[in-house]
Amino acid sequence: MSFLPCFADDMPEADENGYYFACNFAELPMGESTKVKIGSKQVVIFKVKTDKTHVYAMANSCVHQGTALAGAPIEEVDGKMCVKCPGHGIQYELASGKSIQENGYYVQRVYPVKKKQKEIWVKLK
């Protein structure tokens, strides 16, 4: 797990589409999570390789019991890349945030991600 320098609690400037700079693509280790702070929001970013490289972002605090997801294991479940909460083992799909257990009852907040040149930008909705 990586931790990148945080912005102040003041929100930085968003681009014209509401995306905020999160980090440089090269700073993200493959197959691991990276915690970043954008304003007062803690976000965890995942860089994974399946058929191609994908970058996902979600809230760092698990909706089930508030456990931090940064540093949690990433695993493939039924063809879907998931993060496994270290608190109670709930697995969340990185793409949708839906839990694998409980028929998707728990939904982790996910954020749209885009790559601009060599930078990762996250839309905090």
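Residues are numbered from 1 along each chain as its sequence is written, and side-chain values use heavy atoms, with hydrogens and water left out. Because the model is predicted, local features need pLDDT of at least 70 and side-chain atom pairs count only at pLDDT 80 or more, while totals for chains, interfaces and linings use all residues.

Student: Which element of the protein chain has the lowest mean pLDDT, and which the highest?
Tutor: pLDDT is the predictor's confidence in each residue, from 0 to 100, and over the protein chain its mean is 91, with 93% of the residues reaching 70 or more. The elements include strands, which are DSSP runs of E with at least two residues, numbered from the N terminus. Among the elements, the lowest mean pLDDT, 56, belongs to strand β1 (residues 2-3), and the highest, 98, belongs to strand β9 (residues 110-111).

Student: In what order do the strands of the open sheet that contains β2 and β10 stand?
Tutor: Two strands pair if DSSP finds at least two bridges between them, and β2 is joined to strand β11 (residues 119-123) by five bridges, the two running antiparallel. One of the pairs of bridge partners is Y19 with K123 in β11. The three strands form an open sheet with antiparallel pairing, in the order β2-β11-β10.

Student: Is D15 buried or exposed?
Tutor: D15 lies in the loop between β1 and β2 (19-24), and, not counting residues up to four places away in sequence, D15 touches K114, K116 and W121, where contact means heavy atoms within 4.5 Å. Buried means under 20% relative accessible area, exposed over 50%, and partly exposed in between, with a 1.4 Å probe and protein chains only. Because the relative accessibility of D15 is 11%, this residue counts as buried.

Student: How far apart in sequence are the parts that the salt bridge between K114 and D15 ties together?
Tutor: A salt bridge is a side-chain nitrogen of Lys or Arg within 4 Å of a carboxyl oxygen of Asp or Glu, and for K114 and D15 the closest N and O atoms are 3.0 Å apart. K114 lies in strand β10 and D15 in the loop between β1 and β2, so the parts that this pair ties together are separated in sequence by 99 residues.

Student: Which residues do salt bridges that share partners join into one network?
Tutor: A search of the whole structure finds three salt bridges. One of them links K116 with D15, the closest N and O atoms being 2.9 Å apart, and because K116 lies in strand β10 and D15 in the loop between β1 and β2, the pair ties together parts 101 residues apart in sequence. K116 counts as partly exposed because its relative accessibility is 25%. Salt bridges that share partners join into one network the residues D15, K114 and K116.

Student: Where in the chain do K80 and E93 lie?
Tutor: K80 forms a salt bridge with E93, the closest N and O atoms being 3.7 Å apart. K80 counts as partly exposed because its relative accessibility is 40%, whereas E93 is buried because its relative accessible area is 15%. The pair ties together parts 13 residues apart in sequence, because K80 lies in strand β7 (residues 80-84) and E93 in strand β8 (residues 91-93).

Key
Helices (H or I, at least four residues) and strands (E, at least two) are DSSP runs, numbered from the N terminus.
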